[in-house]
Amino acid sequence: MALLTTKALTKHFDGLVANNAIDLDVPQGSLFAVIGPNGAGKTTFFSMVSGFLASTSGSIAFDGRDITRVPQHEIAAMGLVRTFQLVQLFKGMSVAENVEVGCHLATKGGVAASLFRPAWFRKQELEVRERAHELLEFVGLSAQADLDAELLPYGQQRLLELARALAAKPKLLLLDEPAAGLNTHETEGLAEIIQKINAQGTTVLLIEHDVALVTRIADRIAVLDFGRKIAEGTPEEIKAHPEVIAAYLGVEEGANA
Amino acid sequence: MTSPAITSAKPAAKFASRFDRFQIGLLALAGLSVAGTLMYGGYLLTVMQLAMIYGVFCIGLNFFMGYTGQASFGQNAFACIGGYGTAILCVQYGWEPVLALIASMVIAGFFALIIGYPTLRLRGHYLAMATFSLGLITYDISIQWTSVTQGYMGYAGIPPLGIGSFTIDSERWKLVALAVLLMFSFWLSLRMRDSRFGRGLRAIAGSESGAAALGVRVPRFKLIAFVVAALYASAAGSLFAHTVGFISPEVYGPQMAVMTFTMLFVGGVGTIVGPIIGAVVTSLLQEVVRGSGHFQDIAYAVVLLATLIYAPKGLSALGALFRRKKEA
């Protein structure tokens, strides 16, 4: 069963067609990747799916519910959590606190609870701290827990953003170019963590530039070019797909047809 | 499962990361200056009383400007509501000061809610302009609506704080009471800061889209922070009225916005002890430069500029300098 389905999803920016009628089915439990050259419309697609950007036409369904016009915070509350191409860390908060914010959706309580601190609230705060600790261990950042998040090297900031998103207990995790700016060694570690997350039952939708990484870890790939979906299939099928090769090598369409 | 030893150690580590020793030292210094003032007496008593009141105001302002990272130059509007609310209720209707203070807070909070709802859609400079004009409008109303505010004449004879027949008349005890109230507001602010709510606010300051992606309802949280700041401002406005016994529009005018802004930045915007430190330091400094008469505003501007350039995170963040040196 598909966890996420888009039907003819389209986005126009004035005259520019950023996404043109994209149909996509992300099966439950899959590690799905969307690849494409720069400016292919990958991030636009992501922003529409996560509710950060309104679509021009088409529909999006998540977990059996139409979310095309649902506000962003409700989409997040349904279990669709995204990360950003440019890391959006919470400056001025420690590494652990960043992950604790990630627990926002999985917890409750507002001003009154914070002032009166009933027993359930105190218990929840302890659980939040424990959960943050576990997640930092999972991504290998527990030694940096009390450090100001801004002070982390870039590669670790990426891992922190991942831990933070996991704290929200997502059903579908949207990762926007998580390996951007990482070196080979860091990319290796990240790939391993993404695979582990997927193996634990979280569906992952990944936008990536690094084709080598994607063909290695994804079990299904869709390729965008100039706002259109030009191919979809298993990594092997994609690697052999003439249009994909053309898009990536910059060959004129139809030249090798 | 983590072992009990680890779970019990973590909150302690949390506390340490919240306050560094430098900040605790600053707080102790502020406490000492209050104690010194109590012994020395005289005019300093009034100065420190006002420092405590502005401290309450700045703790609230810090919620909105510091933790949530939004600009407001108009919180004096809510101090104005608090001041006039309490003055009118006590002088015209003979209310108990404490009840009048609380009732004024409710009114101020309500206004913050309905003003904040449309205003907080604005960001950055636009929000700063909108809130600044809110302060100006309130100031104008307090001058022009003479049937209610008595215009420039203001209100005199506002009773001091107290409960029933017990009133705090002595200047020394007023300072003690205000210091206790300041510590109480500080404690409340810490409870709010270190919670799901407070983390949500600070996440908004760090990255609005990042917070939204994790399900923080950004507009709602901003609005609540604005209301919290307004409640603190209103309480401070009322405390001023009960402490000094007299209010006029000038007390809550644009000057107040400039002064509290200076205090917050001198102390350290977004830091925990910054509002208190800034209020005490700036109030004392004010007395030092008072001799310069009309140059007082210039002195403010110089202090503010120097802070923004040389200590952008304020006095309370200077501890980091020492730490970095030690580590190097």
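Phe19(B) counts as partly exposed, with 18 C-beta neighbours inside 10 Å; here a residue is called buried if 20 or more other C-beta atoms, placed from the backbone, lie within 10 Å of its own, exposed if 12 or fewer, and partly exposed in between. The model is a predicted one, in which local features need pLDDT of at least 70 and side-chain atom pairs count only at pLDDT 80 or more, whereas totals for chains, interfaces and linings use all residues. Residues are numbered from 1 along each chain as its sequence is written, and chains are lettered from A, and ligands numbered from 1, in the order in which they are written.

Phe19(B) is found in the loop between H1 and helix H2 (21-40) of chain B, where helices (H or I, at least four residues) and strands (E, at least two) are DSSP runs numbered from the N terminus. Leaving aside neighbours within four places in sequence, Phe19(B) is in contact with Ile24(B) and Ile272(B), a contact being defined by C-beta atoms, placed from the backbone, that lie within 7 Å. The C-alpha atoms of Phe19(B) and Val273(B) are separated by 8.4 Å, although the two residues are 254 residues apart along the chain.

In the contact between the chains, 35 residues come from chain A and 30 residues from chain B. On the side of chain B that touches chain A, at least two residues each are supplied by helix H1 (4-18), helix H8 (171-193), helix H9 (196-206) and helix H10 (208-213) of chain B, with H9(B) giving the most, 9 residues. By class, this side of chain B has 12 nonpolar, 12 polar and 6 charged residues, where Ala, Val, Leu, Ile, Met, Phe, Trp, Tyr, Cys and Pro count as nonpolar, Asp, Glu, Lys and Arg as charged, and the others, Gly among them, as polar.

The largest nonpolar core has 162 residues, and those with the most contacts inside it are Ala163(A) and Ala236(B); such a core is a set of buried Ala, Val, Leu, Ile, Met, Phe, Trp, Tyr and Cys residues joined through C-beta atoms within 7 Å. Not counting residues up to four places away in sequence, Ala236(B) touches Ile53(B), Tyr54(B), Val56(B), Phe57(B), Ala79(B) and Gly82(B). Helix H11 (residues 218-244) of chain B has 22 of its 27 residues buried, so it is largely enclosed by the rest of the structure. The end C-alpha atoms of H11(B) are 39 Å apart, in agreement with the 39 Å that its 27 residues should span at 1.5 Å a residue, the expected span being 1.5 Å times one less than the number of residues. Just after H11(B), Gly245(B) takes a positive phi of about 85°.

In chain A, 6 strands form an open sheet of mixed pairing in the order S6-S7-S8-S3-S9-S10, two strands being paired if DSSP finds at least two bridges between them. Strand S6 (80-82) and strand S10 (228-233) of chain A are the edge strands, each pairing on one side only, and neighbouring strands of this sheet are turned by 15° against each other on average, direction ignored; axes are lines fitted to C-alpha atoms, for helices over the stretch in contact, and angles run from 0 to 180 degrees between N-to-C directions. Strand S7 (residues 172-176) of chain A pairs in the parallel sense with strand S8 (residues 203-208) of chain A over 5 bridges, and S6(A) and S7(A) pair in the parallel sense over 3 bridges. Leu173(A) stands opposite Val204(A) in S8(A) and is also the bridge partner of Val81(A), while Asp176(A) stands opposite Ile207(A) in S8(A). Because 5 of the 5 residues of S7(A) are buried, this strand is largely enclosed by the rest of the structure. Leu172(A), Leu174(A) and Asp176(A) point one way from S7(A), and Leu173(A) and Leu175(A) the other way.

An open sheet of 4 strands in chain A has antiparallel pairing and the order S2-S1-S4-S5, with strand S2 (16-27) and strand S5 (65-66) of chain A at its edges. Strand S4 (residues 57-62) of chain A pairs with S5(A) over 2 bridges, and Phe62(A) has Arg65(A) in S5(A) as its bridge partner. Helix H1 (residues 42-49) of chain A packs on the sheet, touching strand S1 (2-13), S2 and S4 of chain A, and its direction makes about 115° with that of S1(A).

Asp14(A), in the loop between S1 and S2 of chain A, has a positive phi of about 50° although it is not a glycine, and is exposed, with 4 other C-beta atoms within 10 Å.

Terms used. Two residues are in contact if their C-beta atoms, placed from the backbone, lie within 7 Å.
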